[in-house]
Amino acid sequence: PSAPAEPSEPAPGSDEWVLREGRRFLDDTAYRRAALERALTNHDNVYSQIRLHAYGHGTRAWDRLPAWNPRSLPVSAALAAQLERGEMPVVAAEHRPLWDGARPTTMEGWVALGRRVFFEYPMRAEVFMEYGLTRPTLAASVGIERTASGDVPGLVVFANVDGETRVGITCAICHSSVREGELVAGSARRAFDYGRLRVAYFADTGEYVDPGLARRMASWGPGRADVTEDDDEDPVTIPDLWGLRAQTWLTQAGTIRRESPIALAIRQETQLTDSNHALVRPPRELAWALAMYVDSLAPPPALTSPSPQRTHGGAVFRARCGGCHANAAYGGRVIPAAAIGTDPALATGRGRGTGGYRVPPLVRVRDGAPYLHDGSVASLDELLSPARLAPGYSAGRLGPGPIPGHRAGTDLGPADRAALIDFLGTL
């Protein structure tokens, strides 16, 4: 009789393979720790050092933290009205936790759970949001957006780990937006001026803030924030979350190398743990679910109607841009900061620096302004214009002076530039 057939190895990237990686992430501490070590591009920056010290040891540090399955309520129009009046809504003791404790067994189940995590899991209590919701005019001006029905995506009222009811922020505060009254998950909140909100809070309450920190926060502007683990001045633009499955490198500086979705799940787990001041960690199932959800996000439709100019722009793109913007989401590898020539503060900073910048994905780049990692360029036309490189340039988004770096495309003639911009609108 013939020998029994060996079980076939699932194809990398297939749902079966992803689900198997999920089981390893959930149940195999050594596998998870090894994945962390491989994923961190520069083990010496602060981001990596924190995680190497605290994560994946099994019997100490973050592994010993209680797994927190919170009771939270998304801020609906009714809850927002209470908060505007200065009334804290009640999260009843019998209100069910976010997760029922049952592991999903299908990709669809994981994605559905991940959506709840994205919108409902508190990254931390946020006094600035609590303050902002009592001042609707300020809230609207700093990008605390509302849907047509009055809901406030990205904010929850929740029972904190100390039992106190608080307002908290979720992933959706930065990575969802409202367009024509409708929620768009995965879209960067480009109107969100977190720095201005925080400065307003300190000015209004009289609570002390370091003057240097206040100055830095005031300089962020809409769609930017400094989220690094050091005191360097390196604010970055809030990115869209389209096309993550195609990305080998995560974060603008390529801080994380993704060889499997475990790298993304570790990022989510450690971010939620760190943001909650390492008092608790999320159940690992919720971190994996969140990774599955953000991997699933699809952007709104792009322009698709053909035209001779767009066809020509595609040829220009392939000849002049495709070598770097080479993957399925039109992103790519990490390139040394000196070769790109943009502000090197983030790439060389102690917080998350790797010495380089990741080639960003261009999915829906037409709607992705401001551009470059620091949001210094206001439009695609400006990005491709040689005028911004001149010493006397005065129209920059972040103030007068040249906007250096990313010279690719700045030598194109007007017709080629217009065709390329038209083509970029189809990505």
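Predicted model: local features only at pLDDT ≥ 70, side-chain atom pairs only at ≥ 80, totals over all residues.
Visitor: What is the strand order in the open sheet of 4 strands?

Guide: The order is β1-β3-β4-β2, and the pairing is antiparallel. The strands β1 (72-74) and β2 (124-125) stand at the edges with a single partner strand each, so one side of each is left without a neighbour in the sheet.

Visitor: With which strand does β2 pair, and over how many bridges?

Guide: β2 pairs with strand β4 (residues 165-169) in the antiparallel sense, over 2 bridges.

Visitor: Turning to helix packing, at what angle do helix α2 and helix α11 pack?

Guide: Helix α2 (residues 29-39) packs against helix α11 (residues 261-275) at an angle of about 95 degrees, and their axes are 9 Å apart. Angles of 65 to 115 degrees count as roughly perpendicular, which makes α2 roughly perpendicular to α11. On the α2 side, the residues are Y31, R32, A35, L36 and A39, and they meet I262, A263, I266 and E269 of α11. By class, this contact of α2 with α11 has 7 nonpolar, no polar and 2 charged residues.

Visitor: How far apart are the axes of helix α13 and helix α17?

Guide: The axes of helix α13 (residues 308-320) and helix α17 (residues 414-424) lie 7 Å apart, at an angle of about 95 degrees. The two helices are therefore roughly perpendicular to each other. From α13 the contact draws on Q309, R310, H312, G313, G314, V316 and F317, and from α17 on D416, A418, A419, L420, D422, F423 and L424. The residues of the contact of α13 with α17 divide into 7 nonpolar, 4 polar and 3 charged.

Visitor: Where is the cis peptide bond?

Guide: The cis peptide bond joins A369 and P370, with omega at about 5 degrees. P370 has its place in the loop between β12 (356-358) and α16 (380-383).

Visitor: Finally, how much space lies in the second largest pocket, and which residues lie nearest its centre?

Guide: The second largest pocket holds about 320 Å³ of space. Its lining is made of 22 residues, and R224, D343, D374, S376 and L398 lie nearest its centre. By class, the lining of this second largest pocket has 9 nonpolar, 7 polar and 6 charged residues.

Technical notes:
Residues numbered from 1 in each chain as written. Heavy atoms only, no water. 1 Å grid on protein atoms, 1.4 Å probe; cavity = no way out; pocket = protein on both sides within 12 Å on 5 of 7 lines; lining within 4 Å. Points joined across faces, edges and corners; volume = space filled by probe spheres on them. Nonpolar A, V, L, I, M, F, W, Y, C, P; charged D, E, K, R; others polar. Pairing = 2+ DSSP bridges. Axes fitted to C-alpha atoms, helices over the stretch in contact; angles between N-to-C directions. Parallel < 35°, antiparallel > 145°, perpendicular 65-115°, else oblique. Contact = heavy atoms within 4.5 Å.
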